[in-house]
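Biologist: Hi! Could you walk me through this one with me?
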Amino acid sequence: MMDLDLEFDSYILSSPGLGEFRLLDVDHRVVLPVNKSIRGLVTGGDVIHSWALPSLGVKADAIPGRLNQVNFNIIRSGVIYGQCSEICGANHSFMPIVVEGLSPSIFLEW
């Protein structure tokens with residue numbers, strides 16, 4: 001599988017629809033393949049954040065001016081929810097993280 005260099009913004013849904021979770025769903029999910037080693041680079045742009053996905057056992061501090069690396073593997077397809085777990089400001093409770101794990105064949109089509 002080729003290396004992908006992706007960067008995008010993901011924001012909380014202002015009015016979630018049917019089947020979406022209030023304060024947990026986002027407009028752009030991180031889509032990753034299952035059963036592959038994933039390496040993520042995390043940094044902060046303003047204050048210290050903490051990128052946490054408890055279901056995967058992943059937590060990485062995003063610190064301005066510093067680049068942190070996290071490695072993980074998604075075992076099965078599905079949607080994984082997380083949040084910023086650092087008290088980082090007024091909108092701290094509105095920083096959800098959503099990762100969607102897809103089988104490699106579906107991921108390549110995506």
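Modeller: Happy to. Bear in mind that this is a predicted model. Let's start with the strands: Val79 stands opposite Glu100 in β7.

Biologist: Nice. How many bridges join β6 and β7, and in which sense do they pair?
Modeller: Six bridges, in the antiparallel sense, between β6 (residues 78-84) and β7 (residues 96-102).

Biologist: And what about β3 and β6, how many bridges there?
Modeller: Two bridges, and that pairing is antiparallel as well. Ala52 has Gln83 in β6 as its bridge partner.

Biologist: Changing topic: how many aromatic pairs turn up in the whole structure?
Modeller: One aromatic pair. Trp51 and Phe72 have ring centres 6.3 Å apart and planes at 35 degrees, so the pair is tilted.

Biologist: Where do Trp51 and Phe72 sit in the chain?
Modeller: Trp51 is in strand β3 (residues 49-53) and Phe72 in strand β5 (residues 68-73), so the pair links distant parts of the chain, 21 residues apart.

Biologist: Is Phe72 buried or exposed?
Modeller: Phe72 is buried, because its relative accessibility is 9% and the cut-off is under 20%. Trp51 is partly exposed, with a relative accessible area of 23%.

Biologist: Where is the place of Asn35?
Modeller: Asn35 is in the loop between β1 (30-33) and β2 (37-42). Asn35 is also exposed, with a relative accessible area of 52%.

Technical notes:
Residues are numbered from 1 along each chain as its sequence is written. This is a predicted model: local features need pLDDT of at least 70, side-chain atom pairs count only at pLDDT 80 or more; totals for chains, interfaces and linings use all residues. Side-chain values use heavy atoms; hydrogens and water are left out. Helices (H or I, at least four residues) and strands (E, at least two) are DSSP runs, numbered from the N terminus. Buried means under 20% relative accessible area, exposed over 50%, partly exposed in between (1.4 Å probe, protein chains only). Rings of Phe, Tyr and Trp (its six-membered ring) pair if their centres lie within 6.5 Å; planes under 30 degrees apart count as stacked, over 60 as edge-to-face and the rest as tilted. Two strands pair if DSSP finds at least two bridges between them.
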